[in-house]
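This report is written for a reader who is meeting the structure for the first time. Please keep the sequence and the model at hand while reading.

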Amino acid sequence: MEINKNIAVSDNGFLFNPATGESYNLNETGTELLKLIKENTPFEEISKIFLNKYETTAISFEKDFQDFVEILEQYKLTEKGNR
Amino acid sequence: MTMNKLNYERPIINKIENTMPNKIGGRSGFKPITEIDGVRIKGMISNFGSPLFVISEATIRKTYQSAYRAFTTRYPKVQFAWSYKTNYLNAVCNTFHQEGSWAEVVSGFEYEKAINNGVDGRHIIFNGPDKTKADLQKAIANQSLIHIDHLDEYYMILNIAEETNLRPQVAIRVNMDTGIYPMWDRFGFNYENGQAWDVLNKIMMNKKMDLIGLHAHIGTYMMEAEPYKIAASKLSELAVSINKKYNHYIKYIDLGGGFASNNTLKGAYLPAEDTNPTIDDYAEAISSALLNSNIDPDHLPLLILETGRALIDDAGSLLGTVITNKRDSKGARNTVLDIGVNILFTSFWYNHKITPVQSFSHHIEDTKIYGPLCMNIDVIRESISLPPLNTGDNVIIHRVGAYNMTQWMQFITLRPAVVMISEKGDVNIIRESEKIEAITDYEKVPSHLKDFDL
Ligand SMILES: Cc1ncc(COP(=O)(O)O)c(C=O)c1O
């Protein structure tokens with residue numbers, strides 16, 4: 001899964017999709033996660049980063065990751081979702 | 001030394017939409033609520049389980065006292081009678097009785113509960129259409145205040161009076177047009193069409209019972225005070241006419257319950273706190289109507305109020321836990337709680353306010369809240385803005401004190417415990433969580449159905 005190339009995320013969690021003119025808000029973990037996905041970081045790597053940094057478990061992070069990706073596709077922010 | 005890990009918030013992304021602001025009542029408030037009356041919510045959940053009903057004794061007393069003051073500062077003789085069906089947990093009833101409330105009951109079961117709580121029969125108001133002969137015999141012997149609902153009941157009372165030579169203490173329930181729609185005309189005797197006079201004449205002429213009062217309960221969750229003014233005026237006129245015709249003073253006028261609580265109705269655009277009359281508005285409407293009527297000032301009747309939801313809603317909270325988060329087929333956020341409609345009956349009428357118990361950021365999601373029942377109807381909120389909740393997180397549902405702990409159903413799950421926080425801050429169980437025996441002890445399996453081979 002790849003994030004559309006022309007999408008930019010600001011440090012404070014504002015995302016603009018120039019293709020559609022739509023904008024989005026992300027929370028801190030959302031901003032961090034989107035950046036990692038955008039850099040094509042593999043899931044295992046992302047999971048490690050989150051588990052080291054935050055008070056959460058592998059299972060609950062994996063669940064939330066799936067959910068986040070699903071919604072990116074729903075919002076057509078991924079290459080796959082944009083097809 | 002290991003680094004302290006940061007609090008984890010589920011990653012979220014929300015589309016920014018330039019639409020109407022959310023219906024109010026959808027907002028969860030901006031701060032978590034971690035305590036009730038100084039008692040930690042998480043601690044109560046670990047001690048007594050989830051879900052858990054919590055009642056604040058301090059809030060009951062404060063609410064009662066301020067309602068009492070609202071009326072007594074405007075009218076000299078005021079008596080509240082606690083509406084048992086609103087919440088008849090004995091600890092709740094007794095808190096109201098300690099504050100000076102009489103009991104208002106609508107069935108033989110509730111009557112027995114009030115007697116068992118130690119309420120003197122002369123301080124029990126017996127309402128409702130379903131009083132059996134045995135109920136009435138007991139109530140008459142105890143000199144309880146019987147509010148006659150229909151003519152069959154009147155004849156049953158007359159019959160008992162003749163059999164026992166006791167003098168039943170009666171009032172009639174009057175229904176009337178107060179300008180509200182729909183008009184509650186199924187209980188009691190109608191004012192406008194003369195039914196009320198018919199039964200009053202019967203009572204006064206047969207001389208077998210004492211007509212001590214007039215009663216009306218014009219509706220529930222009344223969003224205006226004006227109808228109470230009309231009701232109080234009409235009952236005052238009846239009292240004046242009874243006096244004129246029979247030279248008889250009634251002792252009290254009972255205006256029932258029906259004041260709106262602070263819960264917001266489904267479909268309302270503004271929060272109830274901003275739109276509903278205050279207790280002072282109701283008190284002003286009723287008191288001014290009574291005082292401005294033609295009632296003889298030397299014989300002002302006692303004003304009785306059977307206020308239910310407005311006195312108890314705020315004192316009750318329901319604590320629960322997130323079972324899971326999911327998305328529906330269109331990607332909308334769903335959160336499943338361990339609180340179902342079977343224990344939160346009022347979710348059919350109210351957009352209950354829900355607040356997380358743990359800290360959260362300012363990010364919110366529009367969420368649909370489901371209960372745990374394997375039934376499609378089990379929806380607690382169609383849409384509410386909440387911060388991202390994790391599985392195992394706790395929430396508090398506010399203002400659930402009225403009607404839930406009486407109308408709750410044992411369905412699919414067992415009913416949870418109810419605790420009360422005393423004014424000193426002790427937490428006492430006032431109803432144990434149900435065990436399976438609470439259900440199965442009442443069942444019987446015929447002997448030929450006892451065994452099977454699978
Ligand atoms: C006769 C009577 N009195 C009092 C009440 C309490 O009403 P509320 O909870 O609306 O104040 C009711 C409830 O419907 C009632 O039927």
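## Cis peptide bonds in chain B

B:Pro182 sits in the loop that runs between β9 (169–175) and β10 (189–190) of chain B, and the peptide bond that joins it to B:Tyr181 is cis, with an omega of about -5°. The model is a predicted one, and this geometry should be read as part of that prediction.

A cis peptide bond also joins B:Ser50 and B:Pro51, where omega is about 0°. B:Pro51 belongs to the loop between α1 (41–48) and β4 (52–56) of chain B. As background, most peptide bonds are trans.

## A positive phi

Another backbone feature concerns B:Asp37, which has a positive phi of about 50° although it is not a glycine. This residue is found in the loop between β2 (35–36) and β3 (39–40) of chain B. In general, most residues other than glycine have a negative phi.

## Where chain B meets chain A

The contact between the chains draws 21 residues from chain B and 31 residues from chain A. Between them an area of about 2300 Å² is buried, and carbon and sulfur atoms account for 55% of that area. Of the area that chain B buries against chain A, 33% comes from B:Tyr8, B:Pro11 and B:Ile13, which is more than any other three residues supply.

Polar links also cross this interface, where 16 residue pairs are in polar contact, with both residues of each pair at pLDDT 80 or more. On the side of chain B that touches chain A, strand β1 (residues 13–15) of chain B gives the most, with three residues. Sorted by class, that side of chain B holds seven nonpolar, seven polar and seven charged residues.

## Salt bridges

Which side chains meet in a salt bridge at 2.8 Å, N to O, with one partner in chain A and the other in chain B? They are those of A:Asp67 and B:Arg333, and the count of salt bridges between chain B and chain A is three.

Over all chains the structure holds 25 salt bridges. One within chain B is formed by the side chains of B:Arg61 and B:Glu99, again at 2.8 Å from N to O. This pair links distant parts of the chain, since B:Arg61 lies in helix α2 (residues 57–72) and B:Glu99 in helix α3 (residues 90–99) of chain B, 38 residues apart.

Technical notes
Residues numbered from 1 in each chain as written. Chains lettered and ligands numbered in written order. Predicted model: local features only at pLDDT ≥ 70, side-chain atom pairs only at ≥ 80, totals over all residues. Heavy atoms only, no water. Contact = heavy atoms within 4.5 Å. Buried area = accessible area lost by both parts, 1.4 Å probe. Salt bridge = Lys/Arg side-chain N within 4 Å of Asp/Glu carboxyl O. Polar contact = N/O pair within 3.5 Å; in protein donor to acceptor, adjacent residues only side chain to side chain. Helix = DSSP H or I, 4+ residues; strand = E, 2+ residues; numbered from the N terminus. Nonpolar A, V, L, I, M, F, W, Y, C, P; charged D, E, K, R; others polar.
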